[in-house]
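The following note is intended for a colleague who is new to this structure.

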Amino acid sequence: MKRIEAVTHLSRISVEGLLTGIELSPTRTIERMSLAPGKTPSSTARDLRRRWNVSSGPIRNLVGLVETAGVVLVFRSFGTSGQDAVSTWPQDHFRPPMMLVNADLSADRLRFTVAHELGHLVMHALPSDDQEAEANEFAGELLAPANEIRAQLEGLTTSDFRKLLKLKEEWGMSIAALIRRAHTLQVISDRQYREFQVRLGKLGWRTNEPGDVPLESPTIVDRIIDMQRARHDYSDEQLSRLARMTEAAFQRHYLPTPKADAPQAQLRLALDE
């Protein structure tokens, strides 16, 4: 955990260095929405979907959506399955919120992790005893609003894994997360939930599920690098100095093999003159 905390700190230093002379101009806004009396993580997630003008149904590109609010996502291999992500948002509002996400996550777990970390950024200016459960509730409602998915989960039994596979591909959530969602919405009983857990274990799906969910990739840092190259004709060595990194480390972490036409977030990058 100390190593991941250190990588998070160093990643922020690198991203802020690369942002020298560039201003992020988000097309959506993100702000603290602390849980006041009468507010719940679920109602906060619904409020955010409304504020961000998210249409009903599944969010097709969650990473891109979060980036439009100026949240910088950095994917790094943590070398452990013990932690999925870390999010930070300094009190200085000129510095962007940032998520460091474990690049080794499956596509469905990655989506839930990003939604979970977004919950932390929005709701948790200060840590609390219940913050992990609150972030999970927020993520569930953000990805699969109760009033939209409840009918699809009603009547669910342990013989319905084919149906769950279809729902996984539709909503971009793991089968395990969909089962938890059904339990949270009281569509299945405690006994049924336990039976599902036993079945998942017997099938070997606790760590590796079937089903196709597209892998989402962040684009903001790539676009920042592209802008610095276009503006200054920077070499890799000059960019690595901006990022306060060795050239080899910069190339390894920030110049990966190009991905095929990943959709870009609708976020403006402006030169800070």
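1. Two strands are taken to pair if DSSP finds at least two bridges between them. The model discussed here is predicted. Under that criterion, β2 and strand β4 (residues 98-102) pair in the parallel sense, over five bridges. Arginine 76 has asparagine 102 in β4 as its bridge partner.

2. These strands belong to an open sheet of three strands, in the order β2-β4-β3, and the pairing within the sheet is mixed. Each of β2 (72-76) and β3 (85-88) has a single partner strand and stands at an edge, so one side of each is left without a neighbour in the sheet. On average, and with direction ignored, neighbouring strands of this sheet are turned by 15 degrees against each other. In general, the strands of a sheet pair through backbone hydrogen bonds, either parallel or antiparallel.

3. Which helix lies across β2, β3 and β4? Helix α1 (residues 2-18) does, and α1 runs at about 130 degrees to β4.

4. A helix pair should be examined next. The axes of helix α2 (residues 41-51) and helix α5 (residues 131-143) come within 8 Å and cross at roughly 40 degrees; α2 and α5 are therefore oblique to each other. The crossing in which α2 passes α5 is right-handed. On the α2 side, the contact is made by Pro41, Ser42, Thr44, Ala45, Arg46, Leu48 and Arg49, and on the α5 side by Glu134, Glu137, Phe138, Glu141, Leu142 and Leu143. Sorted by class, this contact of α2 with α5 has six nonpolar, two polar and five charged residues.

5. Helix α6 (residues 146-153) and helix α8 (residues 175-184) have axes 10 Å apart and pack at an angle of about 100 degrees. Accordingly, α6 and α8 are roughly perpendicular to each other. Ala146, Ile149 and Leu153 of α6 make the contact with Leu178, Arg181 and Ala182 of α8. By class, the contact of α6 with α8 comprises five nonpolar residues, no polar ones and one charged.

6. Confidence should be kept in view. The protein chain has an average pLDDT of 92, and 94% of the residues score at least 70. Among the elements of the protein chain, helix α3 (residues 62-67) has the highest mean pLDDT (98) and strand β5 (residues 268-271) the lowest (61). Where pLDDT is low, the predicted coordinates should not be read in detail.

How values were computed:
Residues numbered from 1 in each chain as written. Predicted model: local features only at pLDDT ≥ 70, side-chain atom pairs only at ≥ 80, totals over all residues. Heavy atoms only, no water. Axes fitted to C-alpha atoms, helices over the stretch in contact; angles between N-to-C directions. Helix = DSSP H or I, 4+ residues; strand = E, 2+ residues; numbered from the N terminus. Parallel < 35°, antiparallel > 145°, perpendicular 65-115°, else oblique. Left-handed = near helix turned anticlockwise from the far one by under 90°. Contact = heavy atoms within 4.5 Å. Nonpolar A, V, L, I, M, F, W, Y, C, P; charged D, E, K, R; others polar. pLDDT = per-residue confidence, 0-100.
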